[in-house]
Amino acid sequence: MDSPYIRIEDTGEAIPLRDEVTTIGRGLRVDVRLDDPSVSRFHAEIVRRGPYFYLADLGLSRNGTQVNGRPIARRVLEDGDVLTFGSARCRIMGLPSEEATAEVEQRRSTAPELTKRELDVLISLCRPALTDDAFITPATAKEIATDMTVTEAAVKQHLLRLYGKFRVPEGTNRRARLANLVIHLGLVRPLADYGSGQVQHAHGAAQQPPLDGVQRPAE
């Protein structure tokens, strides 16, 4: 098979990835159907953005998603990665290889694993980014709390944990330093390279597109 595909380990079935979003789960209307009780009906999705493929756990499952044995919320995939949904195993094949430059290797070794909530905080933090890696100012804790419909205190706790994970020292402009770092590492990317613009919110109000390119289900 010439195009990228996902192979179900139990059956050996190979399913080509769609051009934009490939849905995975136990339900009847997903693209990759896994007949396993540990898999949710709508468990995860693989999203293509330019040359990259992201695996996103949708947060609707009890058993989570893993890549090469490590729990993930969202992760850029590489050819040959083993994907586990509940207890069902698949393998991603046929992805274009990225040249292993020093910068790429640094990104792989530096970026910590993030929970879905931590990733949501980072996306909201970096939302003021427009078309470049530099932006005027990141979102405040209050703005993130409003964006995520959580308390400001909860956001501050998440930010403290993220400062620790990314080793951002105390000092001025700590939020800005964290935001610039995660964009530099490629964990949150503006969509300008692939064509941006506003998208329609589920309730009808226009909003900026999510910076990681992943459309999340309504809470």
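Predicted model: local features only at pLDDT ≥ 70, side-chain atom pairs only at ≥ 80, totals over all residues.

Visitor: OK. How many bridges join β3 to β5, and do they run parallel or antiparallel?

Guide: Four bridges join them, and the two strands run antiparallel. For reference, β5 covers residues 44–49.

Visitor: And β3 with β4, parallel or antiparallel?

Guide: Parallel there, with two bridges between β3 and β4. Strand β4 is residues 32–33, and Val32 in β4 is the bridge partner of Ile24.

Visitor: How many residues of β3 are buried?

Guide: Four out of five, so β3, residues 21–25, is mostly covered.

Visitor: Switching to the open sheet. What's the strand order?

Guide: Six strands, in the order β2-β1-β11-β10-β7-β8, with antiparallel pairing. The edges are β2 (14–16) and β8 (70–71), and each of those pairs on one side only.

Visitor: What holds the strands of a sheet together, in general?

Guide: Backbone hydrogen bonds; strands pair through them either parallel or antiparallel.

Visitor: Back to this sheet, then. How many bridges join β1 to β11?

Guide: Four, between β1 (residues 5–8) and β11 (residues 88–93), running antiparallel. Arg7 stands opposite Arg91 of β11.

Visitor: Now the helices. At what angle do α3 and α4 pack?

Guide: About 110°, with the axes 8 Å apart; α3 is residues 141–148 and α4 is residues 152–165. Anything from 65 to 115 degrees counts as roughly perpendicular, and therefore α3 and α4 are described that way. The crossing of α3 past α4 is right-handed.

Visitor: Which residues make that contact?

Guide: From α3 you have Ala141, Lys142, Ile144 and Ala145, and from α4 there are Glu152, Val155, Lys156 and Leu159. By class, the contact of α3 with α4 has five nonpolar residues, three charged and no polar.

Visitor: And how far apart are the axes of α2 and α4?

Guide: Those are 10 Å apart, at an angle of about 95°, where α2 is residues 116–125. That therefore makes α2 and α4 roughly perpendicular to each other too.

Visitor: Which residues meet there?

Guide: On the α2 side, Arg117, Glu118, Val121 and Leu122; on the α4 side, His158, Leu159, Arg161, Leu162 and Lys165. The contact of α2 with α4 splits into four nonpolar, one polar and four charged residues.

Visitor: That leaves α2 against α3. At roughly what angle do their axes cross?

Guide: Roughly 120°, and the axes come within 9 Å. So α2 is oblique to α3. As for handedness, α2 passes α3 in a right-handed crossing.

Visitor: What meets what in that pair?

Guide: Arg117, Asp120, Val121, Ser124 and Leu125 of α2 meet Ile144, Asp147 and Met148 of α3. In the contact of α2 with α3, four residues are nonpolar, one is polar and three are charged. Note that Arg117 and Val121 of α2 meet α3 here, and they also meet α4.

Visitor: Last one. How many residues of α2 are buried?

Guide: Eight of its ten, so the helix is mostly covered. The buried ones are Glu118, Leu119, Asp120, Val121, Leu122, Ile123, Ser124 and Leu125.

Visitor: Great, thanks!

How values were computed:
Residues numbered from 1 in each chain as written. Heavy atoms only, no water. Axes fitted to C-alpha atoms, helices over the stretch in contact; angles between N-to-C directions. Parallel < 35°, antiparallel > 145°, perpendicular 65-115°, else oblique. Left-handed = near helix turned anticlockwise from the far one by under 90°. Contact = heavy atoms within 4.5 Å. Nonpolar A, V, L, I, M, F, W, Y, C, P; charged D, E, K, R; others polar. Pairing = 2+ DSSP bridges. Buried < 20%, exposed > 50% of the residue type's maximum accessible area, 1.4 Å probe, protein only.
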